[in-house]
Amino acid sequence: YIRDVALRRSDVHSWNETGWKEGRAEHLANSLAGAGHRLYTATPTTRAFKGSGTAVLLRATVPRHPAEGVLFARPDGKAMAVALAITRQPIVYLAAHLPHDDGAREAFLRELAADLSPALATQIARTDSTGKAIGGENL
């Protein structure tokens, strides 16, 4: 799927329910890094692997930025936010696998919003080794 679909169709691609364990995710990330691609993953630590896990893949055509990376990952692997820049425009790319019923979906999104707020604040405050701000509008 990664080679035949994700890398051929888009510069930024995400998917849910990867079912990957941490070791598999690391292996894939290392293999893709050899070609300049970046794979960020959220593997579940609080539930089974089947039906869980989120991944965001950035092709080598997307320039790396010093503030790029995972901002937040839910422990159940159902959502992940990645900071990146597309044509120097800072974005937070959120990939989430929502519950199927409305009540659970609302609770999930409210919890996600509460969890993302401190993660975004931390990202905005990031600096490089010289103390220069890199996580805010200059992502």
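**Figure 1. Leu120 in helix α3 of the predicted model.** Leu120 is found in helix α3, which covers residues 102–124; the structure shown here and in the following views is a predicted model. At a relative accessibility of 33%, Leu120 counts as partly exposed. Together with Val92 and Ile124, Leu120 forms a nonpolar patch on the surface. The accessible area of these three residues together is about 240 Å².

**Figure 2. The salt bridge between Arg110 and Glu106 within helix α3.** Arg110 forms a salt bridge with Glu106, and their closest N and O atoms are 3.0 Å apart. The two residues lie 4 positions apart in helix α3, so about one helical turn separates them. Arg110 counts as exposed, with a relative accessibility of 58%, whereas Glu106, at 44%, counts as partly exposed.

**Figure 3. The salt bridge between Arg38 and Glu68.** In this pair, the closest N and O atoms of Arg38 and Glu68 are 2.8 Å apart. Arg38 is buried, with a relative accessible area of 5%. Glu68 is buried as well, with a relative accessible area of 10%; the cut-off for this class is under 20%. Salt bridges that share partners join Arg38 and Glu68 with Arg64 into one network.

**Figure 4. The salt bridge between Asp76 and Arg74.** Asp76 forms a salt bridge with Arg74, with the closest N and O atoms 2.7 Å apart. Asp76 is buried, its relative accessible area being 13%. Arg74 likewise counts as buried, at 11% relative accessibility. The count of salt bridges comes to 7, among them the pair shown in this view.

**Figure 5. Strand β2 and helix α1, compared by confidence.** Among the elements of the chain, strand β2 (residues 38–42) has the highest mean pLDDT, 96. The lowest mean pLDDT among the elements, 81, belongs to helix α1 (residues 2–9). For the chain, the average pLDDT is 89, and 96% of the residues score at least 70.

**Figure 6. The setting of the close-up views within the chain.** The chain has 3 helices and 6 strands, which follow the pattern α-β-α-β-β-β-β-β-α when read along the sequence. Its radius of gyration is 15 Å, close to the 14 Å that the globule rule gives for 139 residues, so the chain is as compact as a globular protein of that length. Along its principal axes, the C-alpha trace spans about 45 × 35 × 25 Å. Of the 139 residues, 39% count as buried. The accessible surface of the chain comes to about 7,900 Å², and carbon and sulfur atoms account for 52% of this area. Among contacts between residues at least 6 apart in sequence, 57% join residues at least 24 apart.

Terms used. Residues numbered from 1 in each chain as written. Predicted model: local features only at pLDDT ≥ 70, side-chain atom pairs only at ≥ 80, totals over all residues. Heavy atoms only, no water. Patch = residues over 30% accessible without salt bridge, like charges linked within 9 Å, V, L, I, M, F, W, Y side chains within 5 Å. Areas by Shrake-Rupley, 256 points an atom, 1.4 Å probe, with all protein chains shown as cover. Salt bridge = Lys/Arg side-chain N within 4 Å of Asp/Glu carboxyl O. Buried < 20%, exposed > 50% of the residue type's maximum accessible area, 1.4 Å probe, protein only. pLDDT = per-residue confidence, 0-100. Rg over C-alpha atoms; globule rule 2.2 N^0.38 Å. Contact = heavy atoms within 4.5 Å.
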